[in-house]
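Subject: Structure for your files, with notes

Dear colleague,

My notes follow directly after it.

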Amino acid sequence: MPEWMSFAGRKLLRLITLLVAVAIFSYTLISLSPIDPVDAYIGADMLLISPEQRAQIAARWGLDQPPLARFIAWARELAGGNFGTSLIFNRPVLEIIGERFIASLGLMATAWLVSGLLGYALGILAGARPGSLLDRAVRLYAYILASSPSFWVALLLLMAFSVGLRWTPICCASPPGLLPEEVTLAHRLHHLILPAITLSIVGVANMALHTRQKLIEVLESDYALFARAQGATTRDLVRHHGLRNVALPAITLQGASLSELFGGAVLVEQVFTYPGLGEATVQAALRSDVPLLLGIVFFSAIFVFAGNTLADLAYRLVDPRIRIGAATP
Amino acid sequence: MSTLTETPAPMRAGPAPRPWQLNRRQRTLLTIGLCLLALSAVLAGAWLIGDDGLATNLAARNQPPSLAHPFGTDWLGRDMLTRTLHGLSLSLGVGLLAAVVSAVIGAALGLLAATLGGAADAVITWVIDVFFSLPHLVLLIMIAFTVGGGTIGVIVAVALTHWTGLARIIRAEVLQLKSAHYVQLSARLGRGPLWVARHHMLPHLLPQFIVGLILLFPHAILHEAALSFIGIGLSPHLPAIGIILAEAMRYLATGSWWLALFPGLALLLAVTAFDVLGEQVRDVIEPKQSQG
Amino acid sequence: MLQVQGLQVSFTVYTQGLRQRRLTVITDLDVTVRAGEVVAIVGASGSGKSLLAHAILGILPHNAELGGSISFQGKPLTQARKEALRGRAIALIPQTVAALDPLMPVGEQVRLAALRGGVPAAGAREVVAASFARYGLAPEAARLHPFQVSGGMARRVLVSTAVVGQARLLIADEPTPGLHPEVVTETLGHLRELADGGKAVLMITHDIEAALRVADTVAVFYAGTTVEQAPARDFAGGGEALRHPYTRALWRALPSQGFVPLPGAQPAPDALPPGCLFADRCPLVTAACRVARPPARELRGGTVRCIHA
Ligand code: SF4
């Protein structure tokens with residue numbers, strides 16, 4: 001079997017076990033909670049529903065069955081792609097998630113790229129000369145940002161640029177009152193820019209510190225020492241050995257950062273009232289939209305998994321030990 | 001040939017030490033002291049300043065920072081400095097409680113996984129895996145939601161989601177210690193497992209636990225604030241920092257910048273203090289040689 | 001070419017609680033290497049003798065302190081001069097492929113070594129190709145990564161990195177670690193060949209047999225000091241021509257010389273005795289030995305640190 005196939009196979013297996021695990025986990029949580037699943041499902045329509053109808057729903061869901069049977073029935077529905085109907089939006093959960101995700105995608109992708117590249121660059125600059133002024137500045141920045149609540153950073157930026165300077169809009173993904181077909185790309189970008197900047201500068205910290213640390217390790221490694229013995233300068237070392245060797249762990253970190261990014265988006269979208277997936281998460285929790293919340297939990301697990309898998313894939317392309325090692329066993 | 005006594009290759013050496021500079025040990029201990037002082041100042045400050053500033057005073061609404069109100073006042077004329085100090089000590093309290101519970105869970109599960117092995121280890125490792133495969137905030141929201149929100153919801157959610165890192169560390173440490181030469185030797189010399197645990201394990205695990213615990217605080221506090229901010233956490237009647245900031249957001253358009261700036265800054269400083277504290281304590285316990 | 005006298009290397013370390021301590025690993029090391037000569041420093045593994053190479057090249061970690069004197073081509077070797085000369089006049093042959101960047105093809109690394117050694121960029125490729133040919137490496141080997149090369153091939157690559165820059169002094173750090181006998185012979189042959197070509201070769205090793213096969217002079221390293229410098233021909237018979245009791249003990253401990261073990265262990269760098277460092281294990285020890293460190297003195301065309309030699 002070709003190597004890539006077994007890689008894909010392993011990943012697929014991992015994804016399936018992961019989704020099963022998330023299903024067990026969230027089912028346990030919900031069933032332990034005081035929330036009644038039928039009430040949660042009926043939601044606002046509670047008063048319109050007779051006790052008989054209620055019993056019917058319970059029976060259709062198999063609530064009279066033992067827990068394990070119920071779980072299996074529920075999981076079967078999920079596996080068939082039926083995540084139920086959102087109580088808030090009164091539409092299929094998957095539809096809402098898809099729509100909201102598209103809205104968040106621009107925001108998250110921009111922040112992901114900017115924070116990754118900027119963090120890597122700052123980390124390299126800082127790590128090349130530890131203790132220098134630049135290094136101190138980068139570290140100070142990273143430590144402060146790592147300790148700042150991201151929603152507070154969002155608030156400050158909103159105050160400065162939207163309320164004070166009036167450069168950027170104060171909310172939403174497009175000017176209020178416009179029909180969807182009237183919204184131009186410029187509108188969208190104008191509304192995207194401040195949330196994206198917020199998410200980026202918050203995300204930079206982790207990558208910068210990590211890259212800095214890895215570069216310092218590389219510069220203390222045996223091969224860096226040998227290069228120095230050959231007369232290499234720090235610039236030479238960083239250029240020929242640092243950039244490559246630090247890129248590998250950076251790729252892994254960048255893949256794993258989707259988890260933080262998702263969390264950041266939840267908070268930042270809340271501040272900017274940006275109608276993305278993060279904002280939907282908060283709404284779902286605040287208004288007890290269990291189907292939507294569960295849908296988002298599953299989606300976020302897949303999202304995080306995708307990030308890690310992408311990183312694995314990129315790693316395999318970059319690292320000769322795997323690239324060649326796998327080709328010539 | 002000349003005799004040379006030189007410091008070689010100052011590739012990464014800082015400026016030469018000056019006589020008035022403290023050595024690294026003194027510097028570190030001083031920093032630890034300052035952090036502890038700053039954090040107790042918050043708690044003491046909340047107590048000293050009393051509750052007077054929390055009363056509605058419509059005559060002094062929406063005032064920008066002044067001498068009488070260094071942090072300004074809100075739309076009900078409440079003193080923001082008083083609110084911030086009270087909110088911060090509440091946030092710290094909730095965060096600390098959750099972090100301690102979390103650290104205990106982490107240490108216990110880490111120990112169990114490492115000592116029982118087999119199925120217990122597999123289950124615990126599996127749970128850790130699931131936790132790491134979801135965005136932390138989603139996990140927090142999910143748990144806080146199922147518990148029903150509120151103060152209990154926040155504490156449970158934060159406590160249940162921050163133990164994974166420490167559990168991993170403790171598990172790895174115990175496994176490593178178990179295979180360590182001198183531990184195996186003690187076992188062969190007929191020392192009971194408790195003796196080994198007390199004399200070989202504890203001295204290694206306790207420092208790890210303490211550092212892990214301190215480094216948990218910042219995360220716990222920030223996540224408590226985040227949950228409260230989005231409205232799933234503490235109720236609006238308990239004005240923690242997250243609540244204060246959420247309220248500030250509603251008054252943002254009016255230009256009352258001080259409502260958001262100072263409480264957030266205070267939270268930032270408290271979190272930083274814990275961060276620095278944890279790093280320095282770790283440095284004392286296991287010094288990194290790379291720091292000149 | 002190279003003269004090292006009274007070299008001292010110590011480190012400032014932090015122990016638990018951030019208390020500072022100074023640890024002296026090399027206390028008193030002398031060695032002289034002339035052009036056309038292979039000099040071997042022989043000492044137990046892990047005794048810190050590799051630090052000599054780092055001290056000469058100026059690549060000790062920043063918490064290290066250096067004492068004594070090193071001179072190269074008659075002039076003191078200051079840190080600035082080390083930085084100017086390393087790679088160009090002085091080159092290191094490292095111990096293992098761990099000294100190569102794991103992500104870069106080996107040919108590329110030899111080319112970088114050439115550039116760093118002052119070879120003009122235009123001619124670098126030819127220089128690399130020539131040195132690959134000289135050491136019997138196929139041109140395709142240049143595209144291999146460090147994890148792909150075998151032990152023998154790795155040795156040749158490492159030697160290549162050191163010779164492409166036309167260095168006058170080569171320092172081989174532990175050149176024969178756990179290699180096949182043929183590879184050992186080949187590697188030692190390379191060193192001899194380089195010395196015969198007019199270069200000075202300093203070989204740092206724990207393998208006294210390998211050292212004796214190529215070295216002109218052997219310096220014996222014990223507990224941070226060189227206790228003896230002797231011409232290789234003195235290692236003969238029952239070791240009568242040798243000066244220091246430790247050297248003699250090393251010689252007799254060789255399988256070919258009767259395998260007589262030497263009991264005891266070297267003193268740790270933080271627990272050195274005040275007098276002769278070998279006193280605790282020396283068969284000839286007297287009270288006078290324990291008073292002060294015996295200074296190095298000339299004896300029968302070598303040097304020795306022993307008052308009774
Ligand atoms: S000085 Fe004394 S103890 Fe030291 S080697 Fe010579 S005889 Fe032995």
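Which residue stands opposite Ile171(C) in β7(C)? It is Leu92(C). Before the details, please keep in mind that this is a predicted model, in which local features need pLDDT of at least 70 and side-chain atom pairs count only at pLDDT 80 or more, while totals for chains, interfaces and linings use all residues. Residues are numbered from 1 along each chain as its sequence is written, chains are lettered from A and ligands numbered from 1 in the order in which they are written, and side-chain values use heavy atoms, with hydrogens and water left out.

The strand in chain C

Helices (H or I, at least four residues) and strands (E, at least two) are DSSP runs, numbered from the N terminus. Strand β7 of chain C covers residues 169–173, and five of its five residues are buried, where buried means under 20% relative accessible area, exposed means over 50%, and partly exposed lies in between (1.4 Å probe, protein chains only). In a regular strand the side chains alternate between the two faces of the sheet. In β7(C) both faces are covered, with Leu169(C), Ile171(C) and Asp173(C) on one side and Leu170(C) and Ala172(C) on the other.

Two strands pair if DSSP finds at least two bridges between them. β7(C) pairs in the parallel sense with strand β6 (residues 90–93) of chain C over four bridges, and five bridges join β7(C) to strand β8 (residues 200–205) of chain C, again parallel. In β8(C), Leu202(C) is the residue opposite Ile171(C). Between β7(C) and β8(C) the chain passes through helix α6 (residues 181–196) of chain C, and this β-α-β crossover is right-handed, that is, with the strands pointing away from the viewer, the path from the first strand over the helix to the second runs clockwise.

Salt bridges

A search of the whole structure finds 25 salt bridges over all chains, each being a side-chain nitrogen of Lys or Arg within 4 Å of a carboxyl oxygen of Asp or Glu. One of them joins Arg100(A) to Glu279(A), with the closest N and O atoms 3.0 Å apart. This pair links helix α5 (residues 93–128) of chain A with helix α11 (residues 277–286) of chain A, the two residues being 179 residues apart, and both Arg100(A) and Glu279(A) are buried.

Arg139(A) and Asp135(A) also meet in a salt bridge, at 2.9 Å from N to O. They are separated by about one helical turn, because they lie four residues apart in helix α6 (residues 133–147) of chain A. Arg139(A) counts as partly exposed, because its relative accessibility is 28%, whereas Asp135(A), at 0%, counts as buried.

Nonpolar cores

A nonpolar core is a set of buried Ala, Val, Leu, Ile, Met, Phe, Trp, Tyr and Cys residues joined through side-chain atoms within 4.5 Å. The largest has 142 residues, and those with the most contacts inside it are Phe151(A), Phe262(A) and Ile141(B). Helix α8 (residues 193–230) of chain B supplies the largest share of this core, 16 residues. A second, separate core of 97 residues includes Leu169(C), which is one of the buried residues of β7(C).

With best wishes
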